[in-house]
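Biologist: I would like to go through a model feature by feature, with the general idea and then the case at hand. Please show the structure.

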Amino acid sequence: PAVAAPLLAMNALGHVAASEGKIMWQSLTVRWAVKIMVGAVPGVVSLLSLCQKSRLPLDGDEASEWVHEGILRQRAGMTCRDPISGLDYLHTRFTERENRAGVWDVDHFWGTEIALLLRADPRTGPATLCSRANFQFSV
C-alpha cells in the first residue's frame, strides 16, 4: 500500500511513463501530487505522531524508573508492565540453538551472489539460481 497508493494516484492524475529510457515531462497536476506525497503527507503524519507522543506519560523521572525496572525484570526473565496499556508481557526468548541458526542464516545469505552470477554469465546465471533456489526451498 505504501507504494501502490502513490502510484495509483499518479496514474489517475495522468502520469506519463518514460519512453525509450527518457523521463517524460509531467503535467502540473502530477508534479503537485508528487510534491504533496513526498513533502506534505509525511510532514503532517510526523506532526500527528508528535502530538500523539506528547500525550503519552513517558517523560520525567517516573518514566525513566519504569523503563529501568522493566529492563531489569526482562533480564531476570520476569514479565514487566507496559506503562501505557497496563498489560504484563515477556519478550520472545530463543534457545541457544535457535540463536545459532538465526545467525547462520544471516551470515550465509546468498543474495549478493545473485548479482555476481547474473553479471558474470547472463545466460547460465538464471538457471544456476533456479537450481539453488529450489534447493534452498526444499531444505
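Biologist: In what order do the elements of the chain run from the N terminus on?

Modeller: This is a predicted model. From the N terminus, the order is α-α-α-β-β-α-α-α, which amounts to six helices and two strands.

Biologist: What share of the 139 residues counts as buried?

Modeller: Buried means under 20% relative accessible area. In this chain, 9% of the 139 residues fall in that class. The chain exposes about 11,800 Å², with 64% of it supplied by carbon and sulfur atoms.

Biologist: And the contacts between residues at least 6 apart in sequence: what percentage join residues at least 24 apart?

Modeller: The figure is 13%.

Biologist: Take Gln 74. Is Gln 74 buried or exposed?

Modeller: Gln 74 lies in helix H3, residues 61-75. Its relative accessibility is 11%, so Gln 74 counts as buried. Leaving aside residues up to four places away in sequence, Gln 74 touches Cys 80, Tyr 89, Leu 90, His 91 and Arg 93.

Biologist: Which residues form a nonpolar patch on the surface?

Modeller: Residues qualify for a patch with over 30% relative accessible area and no salt bridge, and nonpolar side chains are joined within 5 Å. Here the patch consists of Leu 28, Trp 32, Ile 36, Val 41 and Val 45, with about 490 Å² of accessible area together. One of them, Trp 32, is in helix H2, which covers residues 28-55. Trp 32 has a relative accessible area of 48%, so it is classed as partly exposed.

Biologist: How many salt bridges does a search of the whole structure find?

Modeller: The criterion is a side-chain nitrogen of Lys or Arg within 4 Å of a carboxyl oxygen of Asp or Glu. The search finds one. It pairs the side chains of Arg 81 and Asp 88, at 3.7 Å from N to O.

Biologist: How should I read the backbone angles? What is the phi of Glu 20?

Modeller: Most residues other than glycine have a negative phi. Glu 20 is not a glycine, yet its phi is positive, about 55°. Glu 20 sits in the loop between helix H1 (4-12) and H2. With a relative accessibility of 79%, Glu 20 counts as exposed.

Technical notes:
Residues numbered from 1 in each chain as written. Predicted model: local features only at pLDDT ≥ 70, side-chain atom pairs only at ≥ 80, totals over all residues. Heavy atoms only, no water. Patch = residues over 30% accessible without salt bridge, like charges linked within 9 Å, V, L, I, M, F, W, Y side chains within 5 Å. Areas by Shrake-Rupley, 256 points an atom, 1.4 Å probe, with all protein chains shown as cover. Helix = DSSP H or I, 4+ residues; strand = E, 2+ residues; numbered from the N terminus. Buried < 20%, exposed > 50% of the residue type's maximum accessible area, 1.4 Å probe, protein only. Contact = heavy atoms within 4.5 Å.
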